[in-house]
Each structure stands twice: as C-alpha cells, then as structure tokens.
Amino acid sequence: MAAASAAVDELSRNFTYWALGAGNGSLSGAWYRRNQIHLLGVLLAILGNLVMSISLNIQKYSHVQLAHQEHPRPYFKSMLWWAGAALMAVGETGNFAAYGFAPITLVAPLGCISVTGSAIISVMFLKENLRASDLLGMTLAFAGTYLLVNFAPNRSQSISARTVQYYFVGWQFLIYVILEILIFCTLLYFHKRKEMKHMVILLTLVALLASLTVISVKAVSGMITFSVTDKMQLTYPIFYIMFIIMIASCIFQVKFLNQATKLYGTTTVVPVNHIFFTTSAIIAGIIFYQEFLGAAFLTVFIYIFGCFLSFLGVLLVTRNREKEHLPQSYIDFGNIPGKQMLDKIQPDSNGLSYGTLPDGSDSTKSQSGEKKEV
C-alpha cells in the first residue's frame, strides 16, 4: 500500500505540474526547476535521435550505391558515407548534452524515436515496405516511451568529480565491469577467430560498449555542467579518465555498428540495437548512478511495463522484414559479333559482379541441339 501510495503521489505531482503550469505559486521552486532541466534533456535527446536515424539511412544508401558499381570502392572513401557520419556526430552531440540534464534511465528509452524515424525514412528513401504491423509497432513503441518518460526515476543529483570517484570504485560497478569484460572478450573471440558475423553478436558488442559510453558521457557531461554552474571539476583526473573511456568506447561502438548496418538492413539493425542499447543503458544507470534508489515498487513496475511495450513495438517493426535486394541488371549477350548466343545471363545475386558467360560446353550443346531440331 505504501508503494502504491508513493506512485500515486508522484503521478499526481506530474499531473499538477502540467495542469497548473510552471508559474503557479503552489509548486515547489526546486521541483519546478528540476522538471525544467529534465524537459530540456528530453528535447535534446529527441532531436539527437532524429538526426541519428537520418544519418544511419544515409550511410546505408551509400552502401547500396557502392554495391551497384562494377568495382566498388571502400565505404570510407564515399563522401555520402562521411556526410552520414557527420550527422551521426551531431546526433550524438545532442544525446551527450541530454545526459547532462536528465538521468540515463530517462534519456536512453528515447532511442525509440530513432527506431520509428528510421523506419519511416527507409520507406521514403530506400523504398522499403511499410506494413500494418509497422504502424502497430510504432504505436506501441510510442506508448511504451510515454510510460518510460513519465515513470522514469525523477531523482536529481549533481555529478561532481568526487561523486563519480565514489561510484567508480564501488563494488557494484567493479563486479559489473568484470562480467562485462568477460562477455565482451568471449564474443570478440567468436567474431574474430570463428568469423561469426551474426547480427546479435555484433549488436551485443555494441551494447556492451554503449553501457560504458553512457556512464562516461553522463560523468563528463555532468562534470562540465557542474563546472559551469558551481565549481570547476575539470582539474580532477577522473574527468580525463572518463573522457578517454567515452572516446574509445564510441569509436569501437561505431565500428561494430557500421559492420552490422553494412550486412543487414537499417530497419533490422536500428530497432534491435535500440532494444540492446536501452537495456544496457538502463542497467548501467541503475548500477553506477543508482537511479532507482528509493523508487516505489509500482513506479518501477510501470517503468518495466513501458520497456516491454517499447520492445514489443520495435519487434513488430522488424517482424518478417524481408532482406533488401539490390536491383540487378539483366544482360543480353545475343549481339556479340562472331558468336551466336541464345542465352540471357542473370548476375549472381550473392556477388557484386554482373555475372559470367556460361561454359563453352553448355553453349555448344545448346547450339547442336537446335541444329538437330532444324
């Protein structure tokens, strides 16, 4: 009963805020400023995820264009691919700023905006199909995101260098890092040595790196914000340690994510990556920053239910999604001078070349058979 009462009180405060407005004197000034700061983080995360969904589709389009070429160049020599990478940097900057104003468990679920935006952009520009299950999935994803945002922990904490140091040496985080390193090394062994390039392996590697990314991004962004508003924190060594972790994890995260995007369609990669990333980020926020500390049971339950709806939505978006087939030319060799070719050669669907001529024995048999018929 106490947990239910706490959850109802929290929901009532949220309703009062939206119904009465920010200027009502009955609202606590500190509570109002905290919600304003969280709202700024939410807006930055939404804009950042929209830009990232556009960037991923631009990069996929560059891969499609390169695959059409007879002698395809490496993707990193394509200006279009670099344009997508630049937009991804802009989107990540928006997410970086968002983590400085809102908790991880509030910002991470907003990756659903990237999922739905990527699906819509893929339909418009990459000519992928939009089905009824996609629309249902988007509706469920938005409903889940609404619950996640409203029932995410409203716990506000100032991220100073000493706070990060305290969390960094905590036994909870040390156990979490050891387990993560063991899982990462195992998956990397299967990926490199056994040449297993399954999407789940690639995106799990991305998610493991993303957990370190969100922890370090929250620390760096929080310490910069604290330096601007209160006391300088950039002279502490922990700031530069977190900055190095952030840069290194981002680089390898983009590398594995690009490999998955190149091998699979964006409407498959982005939603599954959303599920893995959101789960990893929420766990990281709970373990490192203890964002659910003191939360009511009913609030946590509704938050988890929101996660379920969001994940179900993205699974419906990717359900039975056909693999992308590049348009292939149909080549007629019937007009080659000095040769009578009656066959039409279809390019190999698994390769990037335009196919080859059939064996001479097959051509001879075809011509001799026609002479017999005459």
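**Helix contacts and a loop**

Author: Happy to, and please keep in mind that this is a predicted model. From H8, the residues Phe173, Tyr176, Glu180, Ile183, Phe184, Leu187, Leu188 and His191 make contact with Ile201, Leu202, Thr204, Leu205, Leu208, Leu209, Ser211, Leu212 and Ile215 of H9.

Reader: How are H8 and H9 oriented to each other, roughly parallel or roughly antiparallel?

Author: Helix H8 covers residues 171-192 and helix H9 residues 199-229, and their axes lie 10 Å apart. The packing angle is about 150 degrees, and angles over 145 count as roughly antiparallel. The pair is therefore roughly antiparallel.

Reader: Which hand does the crossing of H8 and H9 have, left or right?

Author: That follows from how one helix is turned against the other. For H8 and H9, the crossing is left-handed.

Reader: Where is Gln290 placed, and what is its phi?

Author: Gln290 sits in the loop between helix H11 (266-288) and helix H12 (297-318). Most residues other than glycine have a negative phi. Gln290 is not a glycine, yet its phi is positive, at about 50 degrees.

Reader: Is Cys307 buried or exposed?

Author: Cys307 belongs to H12, where the buried residues also include Tyr303, Leu309 and Phe311. Buried means under 20% relative accessible area. Cys307 has 9% relative accessibility, so this cysteine counts as buried.

Reader: And how many disulfides are there?

Author: A disulfide needs a pair of cysteine sulfur atoms within 2.5 Å. By that rule, the count is zero.

Methods
Residues numbered from 1 in each chain as written. Predicted model: local features only at pLDDT ≥ 70, side-chain atom pairs only at ≥ 80, totals over all residues. Heavy atoms only, no water. Helix = DSSP H or I, 4+ residues; strand = E, 2+ residues; numbered from the N terminus. Buried < 20%, exposed > 50% of the residue type's maximum accessible area, 1.4 Å probe, protein only. Axes fitted to C-alpha atoms, helices over the stretch in contact; angles between N-to-C directions. Parallel < 35°, antiparallel > 145°, perpendicular 65-115°, else oblique. Contact = heavy atoms within 4.5 Å.
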